[in-house]
Structure formats: C-alpha cells, structure tokens
Amino acid sequence: MENEKQKMKDFLDKLWQNPAILKTSMGKKENQILSFLKENQGQLQKVFASADYFPNMSWNEAVALLLSELIEKVLETISPRIDRIKQNLLQPELIRYFDPSANIDAGTFKDFLVAMMKHKPVRDQYILVIETISLEYFERYMVHAIEKKKTIYTELIRRERLDMDITLVPKYLNLASLFRPLFFLKFPFKRSSNDMISLSDAMKDKKTYETAKVGFKDFLNDELGRMPERIYLPGMESHVSATENPDISAVSRLINIMVNRCIDFDPSVKVDRGAETPDKSWFNINRKNAKNYGYDARFLEELYHIAGDKGW
C-alpha cells in the first residue's frame with residue numbers, strides 16, 4: 001500500500017504544479033483538481049488501471065486514495081499559515097480580556113483547526129478565512145475606521161464596549177473569523193446525544209437555535225477548551241444576514257464583508273489609469289446591493305470611502 005500511496009502523491013504533485021492552476025488560490029486549486037477528476041474519469045480509469053499505476057485497485061479505491069492524498073496535500077500546504085496565525089492571534093491577553101480564567105493551548109488549537117478542515121464544506125470556508133487573515137484585511141482597514149470614529153467605530157467599540165487595546169482589535173476580528181466555518185459543522189445537539197445538528201440548520205427555529213448554541217459550547221469545551229463565547233459565536237454568526245437580523249453583532253457584520261471581499265482577491269491585478277481600484281470597486285458594487293447579500297450597507301459605505309482615500 002505504501003507504494004501505491006507514493007505513486008498517488010507523485011501523480012497529485014504533477015496536477016498541483018500544473019501551470020494552469022499553479023498560481024490559483026488553494027481553495028480553487030483543490031476544486032479544479034476535483035473537476036479535472038470528474039471531467040476526465042474515462043481517461044483516468046485507463047491510466048490508473050495500467051501496470052505503471054494501480055492495476056490491483058478498483059476505480060473507487062483509486063479515487064478514495066487520491067481524495068485522501070489531496071486532503072493531506074491541502075493541509076500540508078496550509079499548515080505554515082496556520083502556525084503563523086496560531087502564534088499571532090492566540091495571545092493570552094486577548095483571550096483573557098473576555099474570560100480571565102480561559103487558557104487555550106496553542107498546540108491543541110492548531111490540532112482542532114486541522115481536524116475541522118478535514119470536512120470538505122468546512123475546509124472550503126477555512127481556506128477563505130485563512131486567506132483573509134493572511135492578506136491582513138482587518139489590520140488594513142480597522143486602523144483607519146477607528147481613527148475616523150464613524151459608524152464602524154461606534155458600532156464596534158462603543159456599542160459592543162470593546163475597550164481593549166486598539167492594537168488587539170484586528171487580532172480579535174481575525175481570531176473570531178476562524179470560527180466562521182463552523183456554522184456548518186454538525187455537532188451533538190446535546191452532550192452525550194447521538195443527534196447531530198449545525199447552527200446553520202438550527203437557525204430555522206429560535207428555541208432550537210438557543211439549545212444548539214449550548215450544545216456547541218459543550219462540544220467546543222470538550223474539543224478545544226474554554227474559548228469565550230464572544231470570540232467564537234460572532235465568527236459563526238457572520239453567515240447570518242445583517243438585513244434580516246439587524247441586531248447581529250458588528251463583529252459578525254465586519255467578518256462577513258471582509259471574508260467575502262477576499263473570495264476573488266487577486267494581488268496581481270493591475271489597475272488601468274482612471275479605473276477604480278479593486279477594493280473601492282468591490283465595496284462600491286456591494287454597497288448598492290447590500291440588501292441582496294445581507295451586508296451592512298453603512299459599513300460598506302465607510303469601507304468604500306477608506307479604500308478611495310488610500311488608493312486601495
């Protein structure tokens with residue numbers, strides 16, 4: 001079996017280094033490889049059945065091996081980013097600002113993230129969040145939003161009473177965003193229960209949602225430790241529409257905007273003279289359609305002006 005695993009790794013490496021997808025984002029790269037597998041099934045069945053590849057494996061077995069190695073490849077590639085995130089965000093003063101008795105082990109936190117990323121829908125979401133953190137979008141905009149002391153400042157700092165050191169605010173938003181993907185994760189509805197649910201499913205009924213939140217807290221305590229609710233819940237609830245739920249936290253509303261901004265971010269794009277810069281263009285389009293996408297239009301308006309002032 002070790003021989004087959006190595007052959008599949010070599011095969012996958014060739015796909016991973018293909019010039020057509022070499023410079024694409026990690027999430028798109030994985031999905032393009034999956035599309036390639038689907039679109040070329042007939043040809044790949046013949047290749048895999050040949051003596052040079054996997055003559056003793058069925059097609060389904062070969063596909064299962066490829067998918068397993070693909071997951072490992074993604075996790076291996078993204079691991080250095082997770083290490084940097086762990087070192088930069090999991091700071092005692094940030095965690096203990098919300099709960100003085102909280103103590104999250106850094107190694108356990110990384111292991112938790114990696115374990116969660118083995119679930120495909122959750123992994124797709126994590127790749128987007130990690131990309132947003134790596135691009136330092138919260139650092140870029142929060143400094144100026146706080147300086148301006150307008151809508152974002154009022155909602156985030158005053159109404160939600162975040163009187164922490166200003167330098168910790170972007171770190172807080174980044175850390176909270178790491179829980180955004182878990183909105184779709186199925187966990188035990190109640191402790192020691194075999195019934196599984198996600199917060200996404202539970203949103204259909206208010207009473208069920210409140211019970212599910214308790215179930216998730218128990219699940220998180222068992223898996224990770226005592227993470228303050230004001231860190232993980234706003235991240236998860238960032239999927240909730242601000243239009244339909246105007247009382248959703250400012251943290252949730254900001255995370256939703258920033259992560260979606262980074263979906264199609266391309267640092268190599270060159271701006272033609274006289275054209276709108278990428279961020280300004282994105283915020284401009286979405287502030288006009290904020291209601292359709294569940295964004296906070298006021299936040300988008302402010303971010304649009306910051307992007308214009310800074311040439312972003």
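This is a predicted model: local features need pLDDT of at least 70, side-chain atom pairs count only at pLDDT 80 or more; totals for chains, interfaces and linings use all residues.
Residues are numbered from 1 along each chain as its sequence is written, and side-chain values use heavy atoms, with hydrogens and water left out.

D13 forms a salt bridge with K73, the closest N and O atoms being 3.0 Å apart; the term requires a side-chain nitrogen of Lys or Arg within 4 Å of a carboxyl oxygen of Asp or Glu. Since D13 sits in helix α1 (residues 2-16) and K73 in helix α4, the pair ties together parts that are 60 residues apart in sequence; helices here are DSSP runs of H or I, at least four residues, numbered from the N terminus. K73, for its part, is buried, at a relative accessible area of 16%.

By this rule the count comes to 20 salt bridges. Among them, D309 pairs with K148, with 3.4 Å between the closest N and O atoms, and these two lie in helix α17 (residues 297-310) and helix α8 (residues 137-148), so parts 161 residues apart in sequence are tied together. D309 is exposed, with a relative accessible area of 55%, whereas K148 is partly exposed at 34%. Finally, a network of salt bridges links E155, R159, R253, D296 and R298.

Note on methods
Buried means under 20% relative accessible area, exposed over 50%, partly exposed in between (1.4 Å probe, protein chains only).
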